[in-house]
Amino acid sequence: MFECLIMGDSIAVGTQHFRKECVAYATGGLNSHQWLNKNVDKSPFVAKTVIISLGTNDWKSTITAEYLYDIRNKTKANAVVWILPSATLKPTQRAIIKEIANEFKDKTMDISQFIGPDGIHPHGRGYQSIARNLVSQ
């Protein structure tokens with residue numbers, strides 16, 4: 001069992017740079033469906049702490065809830081923390097993640113204060129702050 005596992009997209013990749021002790025199943029640019037297909041052979045996803053950053057690359061054609069529920073059902077951990085996507089650019093995906101987290105009694109992390117100029121990704125110091133805040137989760 002891993003101590004810490006970070007799963008997801010480019011935000012997960014950036015977060016792992018500041019949480020070197022964590023194993024990462026993370027690839028930039030993947031939506032939830034693509035991520036699940038790429039990593040399904042690693043299922044179940046087992047760690048003491050799992051950090052998930054998915055949904056940012058999901059679009060209307062992606063059935064976000066279905067894929068994220070599948071990922072969460074395949075996740076076995078003492079604690080799960082979801083990094084929430086941008087409230088302005090991805091409100092639907094953000095709401096879905098909050099619903100799933102609530103159902104599973106997981107924690108969420110709002111990274112809005114750390115978002116850089118592109119409106120999606122944290123800036124460099126933002127990733128440091130996210131990693132630091134995840135330690136206290």
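Some questions and answers about the protein follow.

Guide: This is a predicted model, where local features need pLDDT of at least 70, side-chain atom pairs count only at pLDDT 80 or more, and totals for chains, interfaces and linings use all residues. Residues are numbered from 1 along each chain as its sequence is written, and side-chain values use heavy atoms, with hydrogens and water left out.

Visitor: What pattern does the protein follow along the sequence?

Guide: The pattern is β-α-β-α-β-α-β-α-β-α. There are five helices and five strands. Both are DSSP runs, numbered from the N terminus: helices are H or I with at least four residues, strands E with at least two.

Visitor: Why is the protein called as compact as a globular protein of that length?

Guide: The radius of gyration is taken over C-alpha atoms, and the globule rule is 2.2 Å times the number of residues to the power 0.38. For 137 residues the rule gives 14 Å; the protein has 13 Å, which is close, so the description holds.

Visitor: What makes a set of residues a nonpolar core?

Guide: Its members are buried Ala, Val, Leu, Ile, Met, Phe, Trp, Tyr and Cys residues, joined through side-chain atoms within 4.5 Å. Buried means under 20% relative accessible area (1.4 Å probe, protein chains only). The largest such core has 22 residues, and Met7, Trp35, Leu68 and Trp82 have the most contacts inside it. Strand S1 (2–8) and helix H2 (32–39) are among the elements that each supply at least two of its residues. Another core, of 14 residues, lies apart from it and includes Ile11 and Phe114.

Visitor: Which residues does Trp35 touch?

Guide: Contact means heavy atoms within 4.5 Å. Not counting residues up to four places away in sequence, Trp35 touches Met7, Gly8, Tyr25, Ala26, Leu30, Phe45, Leu54 and Ile71.

Methods
Buried < 20%, exposed > 50% of the residue type's maximum accessible area, 1.4 Å probe, protein only.
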